[in-house]
Amino acid sequence: MSTLHKKYQPFITLLCRILLGGVLLVAGGLKAFKPSESASAVAAYKILPTNLAHLMGYALPWLEIALGILLIIGLTTRLAAVVGTAIMIVFIAAIISVWARGILIDCGCFGGGGEVDPSKAAEAHSAYLKEILRDLGLALCGTYLYFFPYGRLSIEKPLHNIEEQ
Amino acid sequence: MAKQAKATKASGGDNFTRWLVIGMVTLVVASGAIFSVVGEKSKANESFAILNDFKVGPTVTSTVDDANGAGITFNNGAAKTIDIWEDPQCPVCNTFEQANGEFIDDLVRAKKANVVYHVLSFLGNESVSASNAAYCAADEARYLDFHKAMYLVQPVLENSGFYSTENLIKIGSYAGLTSQSFIDCVTKGSKLDKVKAAYESMAKYNVQGTPTVFFNGKLWERKNNGFILEEFAAAFEAS
């Protein structure tokens, strides 16, 4: 590992934690208290059977909030990052799936959601691409955190620091 | 890539933290989801309050015209025909109903027009369930009442769980539908073949969205942005 990376790694870890954790926390917080909106948004993907989609709509915002808090405070970062990356991959797959099936929806990532008027097809398609790229970036953050979970300003006592001393 | 050192020395303590966190997260997610489910249930119950003073009309029999997109047909043979294409979850259909529903109901009950309801289901699974229930109600000669009650409680959001089997049966109970045959029909989805046929006939009649109205087979193009009863009534008279 280059010394340069070693020097900046704790800061990159912090940045990744704040990016992934912050987005999850905001996304979850905006949806958690609008359960019917969230349930409707998940159902609009037409992937899960209705009942399961609604259950996911109710539960997902709370999972996002929990992961967001864990990442921001830096507690069990590695585990939270693995789960966070996994849900980003699920989101990417879901968006690719609706795109491929020609369904026009608002992703409902930060609240809202549901079908989009066919006259706004071009906007919806460019939104899909942006969402995929954003989630890909966040998944990369999560992957980085899997390999380097210990950084600045975290509750977790970075044991490797003790070992190094 | 070199992984950062795992917490080997205090692995006992670290495992404890990990399981504690997993437990807490599970608890938060589960209680959050339960909170949401309970909240939605009580909200749904509140929205039924509007039906408390719902008045059920006399029964009106209808037929299902398989040759005309499985439309629910009233007064077949009357001089003037109105074809109405609606989706139970479409908010604009609700606006249409609130403006013109009473007028159309009167036309049907007074046998002044051959009215055909094409109950569509292109807005997702809950439209399918609601359309099925509408056909079930038609079987019991209560389509008009059910249809009216259903639009009165129409949820703002599509596919958010409101048109569940349980709630559709409840809507029916307000619209004079308490028979076991109706409940069975809603529960089993006995009319799904009709629902599918209605949906598939959209292309044949070149129906692009809802609500769409045809007077004697001619597409009605409204001049006003909103729905105005006078405009609809005049268009019917002129047809």
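In which loop of chain B is B:Ala141 found? B:Ala141 belongs to the loop between helix 3 and helix 4 (143–152) of chain B, where helices (H or I, at least four residues) and strands (E, at least two) are DSSP runs numbered from the N terminus.

## Basis of the description

This is a predicted model, in which local features need pLDDT of at least 70 and side-chain atom pairs count only at pLDDT 80 or more, while totals for chains, interfaces and linings use all residues. Residues are numbered from 1 along each chain as its sequence is written, and chains are lettered from A and ligands numbered from 1 in the order in which they are written.

## Chain A in outline

Chain A contains six helices and two strands, which follow the pattern α-α-α-α-β-β-α-α along the sequence. The C-alpha trace of chain A spans about 60 × 30 × 20 Å along its principal axes.

Of the 165 residues in chain A, 41% are buried. A residue is termed buried if 20 or more other C-beta atoms lie within 10 Å of its own, exposed if 12 or fewer, and partly exposed in between, with C-beta atoms placed from the backbone. Among contacts in chain A between residues at least 6 apart in sequence, 71% join residues at least 24 apart; two residues are in contact if their C-beta atoms, placed from the backbone, lie within 7 Å.

## Strand 4 of chain B and its partners

Five of the six residues of strand 4 (residues 114–119) of chain B are buried, so this strand is largely enclosed by the rest of the structure. Strand 2 (residues 71–74) of chain B pairs with strand 4 of chain B in the antiparallel sense over three bridges; two strands pair if DSSP finds at least two bridges between them. B:Phe74 stands opposite B:Val115 of strand 4.

Strand 3 (residues 81–86) of chain B runs parallel to strand 4 of chain B and is joined to it by six bridges. B:Asp83 has B:Val116 in strand 4 of chain B as its bridge partner. From strand 3 the chain passes through helix 2 (residues 91–109) of chain B to strand 4, forming a right-handed β-α-β crossover.

## Helix 7 of chain B

Helix 7 (residues 192–204) of chain B has 13 residues, which at 1.5 Å a residue should span 18 Å; the end C-alpha atoms are 19 Å apart, in agreement. The expected span is 1.5 Å times one less than the number of residues.

The buried residues of helix 7 of chain B are B:Lys194, B:Val195, B:Ala198 and B:Tyr199. Seen down the helix axis, they fall within an arc of 135° and therefore line one face of helix 7; the arc is that of the directions from the helix axis to the C-beta atoms. These buried residues pack against strand 1 (63–65), strand 2, strand 4 and helix 3 (125–139) of chain B. The face turned away from the buried side carries the exposed residues B:Glu200, B:Ala203 and B:Lys204.

## Backbone features in the loops of chain B

B:Ala141 has a positive phi near 65° and is partly exposed, with 15 other C-beta atoms within 10 Å. B:Asn159, in the loop between helix 4 and helix 5 (165–174) of chain B, has a positive phi near 50°. B:Asn159 is buried, with 28 other C-beta atoms within 10 Å.

Just after helix 7 of chain B, B:Asn206 takes a positive phi of about 55°. A cis peptide bond, with omega about -5°, joins B:Thr210 and B:Pro211. B:Pro211 lies in the loop between helix 7 and strand 5 (212–215) of chain B.

Definitions and conventions
A crossover is right-handed if, with the strands pointing away from the viewer, the path from the first strand over the helix to the second runs clockwise.
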